[in-house]
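Biologist: I have a structure open and would like to go through it with you. Can we take it piece by piece?

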Amino acid sequence: TSVWAHGQAYKGENKTEDLLGNMMLSYANTWGKHKLDVLGLAEVQKKILTGFYTTVTNFTTDQYGYNNLQAGAVRLWEGTGSFYESPRLASFLARINYVYDGKYVLTANARADASSKVGENNRWGFFPGVSVGWNVMEEDFWKDSKVSGVISNLKPRVSYGVNGNVNGIGNYEVYGEYAQVESKNYGGATGLYNSKLLNTNLRWEQSQTFEVGLDIGFLQNRLSFILDYYSRDTKDLLTKQALPGYTGFSDIVTNQG
């Protein structure tokens with residue numbers, strides 16, 4: 001809360017509630033030369049955003065502050081409002097780590113997410129990933145070589161994965177949005193108009209990353225380096241596309257690329 005000069009007072013309240021539920025299952029086992037770790041995760045998240053605010057002016061005295069708002073006249077269109085938003089997200093994740101004889105490493109994961117920000121036809125997004133690595137220094141031919149006394153760690157690796165994003169979309173933007181006419185009067189009643197076009201075909205933005213790397217260490221790892229090369233391409237990029245003026249709208253959120 002705060003008090004403005006010139007006989008104006010403002011009072012408002014914002015409230016955010018985060019509801020989160022998750023369940024995780026894990027399994028680990030080692031037998032012979034095999035080592036396996038498995039993880040499963042399910043998570044549901046709901047956020048509730050509520051608030052209100054009001055501004056009052058034309059007080060006979062400013063000694064009330066914001067404790068007697070009814071003593072003034074409410075500024076209808078720019079000083080009073082309330083809101084409610086409730087975005088939701090459901091996620092499922094599975095991951096497998098497998099190591100054979102301490103030499104060959106495989107990691108595979110898959111994630112599925114559903115967001116209320118995306119249209120019903122494209123609500124779910126699927127994002128897989130896989131990586132493989134080779135601990136060369138664990139091979140017998142490497143241990144028996146003279147170079148192993150100098151290079152103590154050598155691990156080439158390759159990975160590919162997909163990440164999803166819906167942060168570029170408002171909580172209800174996919175369904176279109178309405179706004180109030182600035183004059184707040186249309187034929188003696190409140191006037192509303194379409195401020196944003198709906199687009200229920202919006203999809204998850206996806207970033208595909210391919211990476212090749214090398215971990216290398218010298219002299220019992222007293223000196224070590226991590227070398228990486230990666231390429232990342234984003235498809236179905238969430239962006240705004242300009243529209244011609246005769247449509248009555250300046251732009252529309254869409255997927256491109």
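Biologist: Which residues does Ser116 touch, not counting residues up to four places away in sequence?

Modeller: Ser116 touches Ser86, Pro87, Arg88, Arg123, Asn171 and Tyr175. A contact here means heavy atoms within 4.5 Å. This is a predicted model, where local features need pLDDT of at least 70, side-chain atom pairs count only at pLDDT 80 or more, and totals for chains, interfaces and linings use all residues. Residues are numbered from 1 along each chain as its sequence is written, and side-chain values use heavy atoms, with hydrogens and water left out.

Biologist: Where does Ser116 lie?

Modeller: Ser116 is in the loop between β7 (104-115) and β8. Strands (E, at least two residues) and helices (H or I, at least four) are DSSP runs, numbered from the N terminus.

Biologist: Is Ser116 buried or exposed?

Modeller: Ser116 is buried, because its relative accessibility is 9%. Buried means under 20% relative accessible area, exposed means over 50%, and partly exposed is in between (1.4 Å probe, protein chains only).

Biologist: What does the side chain of Ser116 reach?

Modeller: The side chain of Ser116 reaches the backbone nitrogen of Arg88 at 2.9 Å.

Biologist: New topic. Which residues make the nonpolar surface patch?

Modeller: Leu106, Val130, Val132, Val158, Tyr160, Phe210, Val212 and Tyr229 make a patch of about 660 Å². Two or more of its residues come from each of β8 (124-134), β9 (151-165) and β12 (205-218). Patch residues have over 30% relative accessible area and no salt bridge, with nonpolar side chains (Val, Leu, Ile, Met, Phe, Trp, Tyr) joined within 5 Å and like charges within 9 Å. A salt bridge is a side-chain nitrogen of Lys or Arg within 4 Å of a carboxyl oxygen of Asp or Glu.

Biologist: What about Val212?

Modeller: Val212 lies in strand β12. Val212 counts as partly exposed because its relative accessible area is 34%.

Biologist: Last one. What pLDDT does the chain average?

Modeller: The chain averages 85, and 87% of the residues score at least 70. pLDDT is the predictor's confidence in each residue, from 0 to 100. Over residues 1-5, pLDDT stays under 50.

Definitions and conventions: Accessible areas come from the Shrake-Rupley method with a 1.4 Å probe; for residues, only the protein chains shown count as cover. A polar contact is a pair of N or O atoms within 3.5 Å; within protein, one must be able to donate a hydrogen and the other to accept it, and residues adjacent in sequence count only if both atoms are side-chain atoms.
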